[in-house]
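Please look through the structure shown below before reading on. The report that follows goes from strands to helices and ends with single residues.

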Amino acid sequence: MLTAHLLGGFTLSDLEGRDVSPRSRKARGLLGYLLLSDLGTERREKLAGLLWSESPIDQAYGSLRHCIAELRRLGQAAGIAFLDADRQNLRIDRARIKCDVTDLKASLAAARIADCRHILSGPDLTLMPGVEADDPTFDNWLLVEREHNAESLVQEMLALLQRPRIEPRDRVDLARAIERLDPYQEDAVRIHMEQLAAEGNIAGATAYFDRYRARLLREYEVEPSEELVDFAEGLATRVSSVARKPKTAPAPADKSAAIPSPSGHRGVPVIAVLWLPGTSMSEELRQVVDAFAHALISTLCRFKDWTVIAATESVQ
């Protein structure tokens, strides 16, 4: 079986771990698209329009055939025929090629953190960085898919962190993975601070908050949520208390400073990101608008000063 690594780059490896990745970015984009599709199959017409949207149709079909030939040669060299193609459709055989994105989501859904720890601990969880294909339609699709993937993973990991009997190591690994996907996700920031405090490094937790606060002000000109500020101030008070009385045992954690679940907030403003009624546009423009909408929603969702609701299609 071949393994496709789509998080933090693009690598295709065989059973012995050798890199057998396709050379062209178009072939990588084609394979990545099929791996991320629900059924692993797609029409040639759509693939040609996706990767060669600015080329004449005959030229686009010819370029698609070259990519199919490259992927078939790759499969033959590895001894694993993972791509099926007929006159109308392309399909990958999921029994012969697997994907780290699919494996990660399956492990998270089953709460098997140990099975995906090697993926969670990776330095970069960005979906297919560097696989942009110099085509506006494909690159817009990739931008939207990247936002979707990051948002989906963050929500799945946050749900796991709400479980009462999660192992401390799993809790830390999930929080740090969330921070790599979204460095402004306050639940993960709080957990990181709690872990440092639990290790006795209260000064480190306070310094971590100060860096987060400075970055937030610098990049978005906003303050952290009141709950996170209160939690950090409670830690700072403990640091001062310990400094004044070095031989006194540290005070127990102030449970009142714990940050409640976002669902417990009341009276917060609601921001709606919606399609205008009756909006009509070309497929290419719609993908551009989708990319902008998802980027906007992802940015707004980083803060707890408001609640964000969104519709994925026009409201009639």
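Strand β3 and strand β5 (residues 89-92) are joined by three bridges and run antiparallel, where helices (H or I, at least four residues) and strands (E, at least two) are DSSP runs numbered from the N terminus, and two strands pair if DSSP finds at least two bridges between them. Within this pairing, Thr-41 has Arg-91 of β5 as its bridge partner. The model is a predicted one, in which local features need pLDDT of at least 70 and side-chain atom pairs count only at pLDDT 80 or more, while totals for chains, interfaces and linings use all residues. Residues are numbered from 1 along each chain as its sequence is written, and side-chain values use heavy atoms, with hydrogens and water left out.

The pair belongs to an open sheet of three strands, ordered β3-β5-β4 with antiparallel pairing. Because β3 (41-43) and β4 (83-85) stand at the edges and each have a single partner strand, one side of each is left without a neighbour in the sheet. From one strand to the next, the twist averages 15 degrees, with axes being lines fitted to C-alpha atoms (for helices over the stretch in contact) and angles running from 0 to 180 degrees between N-to-C directions.

Helix α1 (residues 25-36) packs on this sheet and touches β3, β4 and β5, its direction making about 75 degrees with that of β5; contact here means heavy atoms within 4.5 Å. Helix α3 (residues 57-78) lies across β4 and β5 and runs at about 140 degrees to β4.

## Strand β1 and its partners

Strands of a sheet pair through backbone hydrogen bonds, either parallel or antiparallel. Strand β1 (residues 2-5) pairs with strand β6 (residues 97-99) in the parallel sense over three bridges, and in β6 the bridge partner of Leu-2 is Ile-97.

With strand β2 (residues 11-13), β1 runs antiparallel, again joined by three bridges, and Ala-4 stands opposite Leu-12 in β2. The hairpin of β1 and β2 has five residues between the strands, and in this hairpin Gly-8 takes a positive phi near 85 degrees.

## Helix α8 between two contacts

The axes of helix α8 (residues 186-198) and helix α9 (residues 202-220) come within 7 Å and cross at roughly 155 degrees. That makes α8 roughly antiparallel to α9, since angles under 35 degrees count as roughly parallel, over 145 as roughly antiparallel, 65 to 115 as roughly perpendicular and the rest as oblique. The crossing of these two helices, α8 and α9, is right-handed; a crossing is left-handed if the near helix is turned anticlockwise from the far one by less than a right angle, and right-handed if clockwise. Among the residues making the contact are Val-189, His-192 and Leu-196 of α8, together with Ala-205, Tyr-208 and Phe-209 of α9. The residues of this contact of α8 with α9 divide into nine nonpolar, two polar and one charged, where Ala, Val, Leu, Ile, Met, Phe, Trp, Tyr, Cys and Pro count as nonpolar, Asp, Glu, Lys and Arg as charged, and the others, Gly among them, as polar.

Helix α7 (residues 168-181) also meets α8, their axes coming within 9 Å and crossing at roughly 135 degrees, and the two helices α7 and α8 are therefore oblique to each other. Here α7 passes α8 in a left-handed crossing. Residues that meet include Arg-171, Ala-175 and Glu-179 in α7 and Ala-188, Ile-191 and Gln-195 in α8. By class, the contact of α7 with α8 has six nonpolar, two polar and five charged residues.

## Two residues with positive phi

Ala-111, in the loop between α4 (100-109) and α5 (113-120), has a phi near 60 degrees, a positive value in a residue other than glycine. Ala-111 is partly exposed, with a relative accessible area of 31%; buried means under 20% relative accessible area, exposed over 50% and partly exposed in between (1.4 Å probe, protein chains only).

Met-128 lies in the loop between α5 and α6 (136-161) and has a positive phi of about 45 degrees although it is not a glycine. Met-128 is buried, with a relative accessible area of 0%.

## The whole chain

The protein has 11 helices and eight strands, and 42% of its 316 residues count as buried.
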